[in-house]
Amino acid sequence: MKYKHQSHVVFTELNGEIAILNSKTGIYFTLDDVGAFIWQLLNQPMDEMGLTKLVTDEYEIDEETAKQDIQELLQHLIKEELVEEI
């Protein structure tokens, strides 16, 4: 399964973080630097395995921890209707 941004979200980078607006609900979200890195990767459809590889290559984190953190982030972004599964 792959993931990508939903078409109704607006986002911008602010000091290494990402600010996201869900234009359907009017609610803002922010992501820290690692979340921002993942968010940028989702400009194009990506699967969990690809995200995990890129995160472990970029940051000093073990694969299992990265995988778990990415799954949690994706679940939250899906719940908030910011990312969709394709």
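Which strands make up the open sheet, and in what order do they lie? The open sheet has 3 strands in the order S2-S3-S4, and their pairing is antiparallel.

## About the model

This is a predicted model, in which local features need pLDDT of at least 70 and side-chain atom pairs count only at pLDDT 80 or more, while totals for chains, interfaces and linings use all residues. Residues are numbered from 1 along each chain as its sequence is written, and side-chain values use heavy atoms, with hydrogens and water left out.

## Overall build

The protein has 3 helices and 6 strands, where helices (H or I, at least four residues) and strands (E, at least two) are DSSP runs numbered from the N terminus. Read along the sequence, these elements follow the pattern β-β-β-β-α-β-α-α-β. The radius of gyration, taken over C-alpha atoms, is 12 Å, close to the 12 Å that the globule rule (2.2 Å times the number of residues to the power 0.38) gives for 86 residues, so the protein is as compact as a globular protein of that length.

Along its principal axes, the C-alpha trace spans about 35 × 30 × 20 Å. Of the 86 residues, 33% count as buried, a term that means under 20% relative accessible area, whereas exposed means over 50% and partly exposed lies in between (1.4 Å probe, protein chains only). Among contacts (heavy atoms within 4.5 Å) with a separation of 6 or more, residues 24 or more positions apart account for 51%.

## The sheet and its helix

Two strands are said to pair if DSSP finds at least two bridges between them. In the sheet with the order S2-S3-S4, the edge strands are S2 (9-14) and S4 (27-31), each of which pairs on one side only. The twist averages 20 degrees from one strand to the next, with axes taken as lines fitted to C-alpha atoms, for helices over the stretch in contact, and angles running from 0 to 180 degrees between N-to-C directions.

S2 and S3 pair in the antiparallel sense over 6 bridges, and Val-10 stands opposite Leu-21 in S3. These two strands form a hairpin with 2 residues between them, and Asn-15 in the turn has a positive phi of about 55 degrees. On the other pairing, strand S3 (residues 17-22) and S4 are antiparallel over 5 bridges, and here Leu-21 stands opposite Tyr-28 in S4. Helix H1 (residues 33-41) packs on the sheet, where it touches S2, S3 and S4, and its direction makes about 60 degrees with that of S3.

## Aromatic pairs

Rings of Phe, Tyr and Trp (its six-membered ring) pair if their centres lie within 6.5 Å, and planes under 30 degrees apart count as stacked, over 60 as edge-to-face and the rest as tilted. By this rule the count comes to 2 aromatic pairs. The rings of Phe-11 and Trp-39 have centres 5.4 Å apart and planes at 80 degrees, so this pair is edge-to-face. Phe-11 lies in strand S2 and Trp-39 in helix H1, so the pair ties together parts that are 28 residues apart in sequence. Phe-11, at 32% relative accessibility, counts as partly exposed, whereas Trp-39, at 0%, counts as buried.

The rings of Phe-37 and Tyr-59 have centres 5.5 Å apart and planes at 80 degrees, so this pair is edge-to-face. Because Phe-37 lies in helix H1 and Tyr-59 in the loop between helix H2 (48-58) and helix H3 (63-79), the pair ties together parts that are 22 residues apart in sequence. Tyr-59 is partly exposed, with a relative accessible area of 24%.
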